[in-house]
Amino acid sequence: MPATFNTVETFPVPPATLATVQQEQALRVKAGCISSTIDQTDPKKFVLTTTWNVIGENGD
Amino acid sequence: VIGSLLPALVGGCAAFTGYPSNYQNTAAVISADEPYLNAGVRTIGDNPDDTARNGFTRQQYRDAVVFRRLEVIDLNYYDFESKLTGQYNALDVGADLVVLILNGLGATTGAAATKAALAAASAGVVGAKNVVNTDLFYQKTLPALVAQMRASRLTVLATIVKGLQTPVSSYTLNEALLDVSNYYVAGTLPGAIAQVTTQAGAQAAKASADVAFTRDSVFLQSIGQRTSLETQVSNLTNAQALSVYKAMQQYVSTRSATVQTLLKTADPNNLAATNGASAKSLLKYWVALDTPDSTLASHWATAIKAATAAN
């Protein structure tokens with residue numbers, strides 16, 4: 001069973017904007033995450049949830 | 001295959017065991033239980049006429065069938081367990097079995113680290129076969145499997161006992177016999193291996209914890225710096241990444257508790273300390289998610305520069 005973990009990052013608005021959080025999301029993709037999602041449902045914050053591999057647990 | 005090995009393992013054993021002699025004549029007991037072991041019990045149990053059951057009600061007959069079968073299973077189980085754990089001279093067969101078990105676990109467990117550990121243990125047993133090293137099998141693997149068998153048997157037994165406290169209409173003889181079969185399986189090595197494997201999978205899934213951060217403006221403003229660091233780490237060879245990680249490892253304790261949790265969660269077995277590819281992966285996680293204050297940025301620069309110059 002692949003082992004993963006999530007990082008859940010809360011970006012209060014302000015100072016965060018959708019554009020800045022998207023930049024953060026792009027960096028996580030570049031850094032090797034499995035997936036990354038921005039939750040925009042709360043106007044006071046963005047929540048960036050990113051799933052990562054646990055190192056060595058997935059044949060890496 | 002395991003089943004074919006078990007007779008060899010439990011047969012031809014030494015006289016010495018860790019168990020006292022059974023206090024009862026097991027053959028006689030099993031013989032007395034014989035009427036409750038045959039395939040006709042279901043038909044007899046369903047018969048509306050109590051005379052078909054020598055006056056037993058359906059519930060009384062259900063209980064009698066279940067307890068007699070449990071008794072036979074227990075007698076055979078304790079005999080099996082005593083032979084399994086009480087003998088100390090069956091190295092060859094024991095080693096074969098443990099290799100089989102370890103390989104089986106390695107094949108069915110998703111975690112690469114676990115696979116590696118099991119494979120190493122398996123290789124160790126193969127290598128030890130000619131130097132009379134029974135430690136792994138008798139002191140580690142087998143007691144764990146016996147403990148699992150005992151625990152699983154108790155779990156199934158609790159289900160059976162609970163069922164027997166209810167009317168035969170809600171816990172039928174057929175249902176009870178199914179649980180009795182489960183009770184038997186719980187006391188087998190393959191059953192224990194399956195249970196241990198399931199638990200290993202659950203432990204791997206347990207790693208799916210969340211690491212939570214609340215980001216501030218300082219973190220947001222460092223996006224350019226973190227992106228640059230990520231690019232530099234991506235360009236490292238695995239050997240260079242290993243050097244950088246070794247240089248940076250000493251600063252982990254200076255980072256926030258959340259970052260430390262992140263690094264530990266990402267690399268629970270500290271593979272980054274010895275494996276270049278793992279080091280590179282972990283460094284990429286780290287630089288993307290940790291604010292590089294001026295001190296840390298300096299450490300990153302120094303470590304990357306030293307690694308790229310040396311390798």
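## Surroundings of B:W300

Leaving aside residues up to four places away in sequence, B:W300 touches B:L229, B:V244, B:M248, B:L283, B:W286 and B:V287 (contact: heavy atoms within 4.5 Å).

The model is predicted: local features need pLDDT of at least 70, side-chain atom pairs count only at pLDDT 80 or more, and totals for chains, interfaces and linings use all residues. Residues are numbered from 1 along each chain as its sequence is written, chains are lettered from A and ligands numbered from 1 in the order written, and side-chain values use heavy atoms, without hydrogens and water.

## Nonpolar cores

A nonpolar core is a set of buried Ala, Val, Leu, Ile, Met, Phe, Trp, Tyr and Cys residues joined through side-chain atoms within 4.5 Å; buried means under 20% relative accessible area (1.4 Å probe, protein chains only). The largest has 39 residues, of which A:F5, B:V244, B:L282, B:L283, B:W286 and B:W300 touch the most other members. Chain B elements that each supply at least two residues include β1 (210-214), α11 (223-234) and α15 (294-310) (DSSP runs: helices H or I, at least four residues; strands E, at least two; numbered from the N terminus). The largest share, eight residues, comes from α14(B).

A second, separate core of eleven residues includes B:L70, B:I73, B:Y171 and B:A186.

## Interface of chains A and B

In the interface, 39 residues of chain B contact 28 of chain A. Three salt bridges link the chains (side-chain nitrogen of Lys or Arg within 4 Å of a carboxyl oxygen of Asp or Glu). One of them joins B:R226 and A:E24 (2.5 Å, N to O).

Terms used: Buried means under 20% relative accessible area, exposed over 50%, partly exposed in between (1.4 Å probe, protein chains only).
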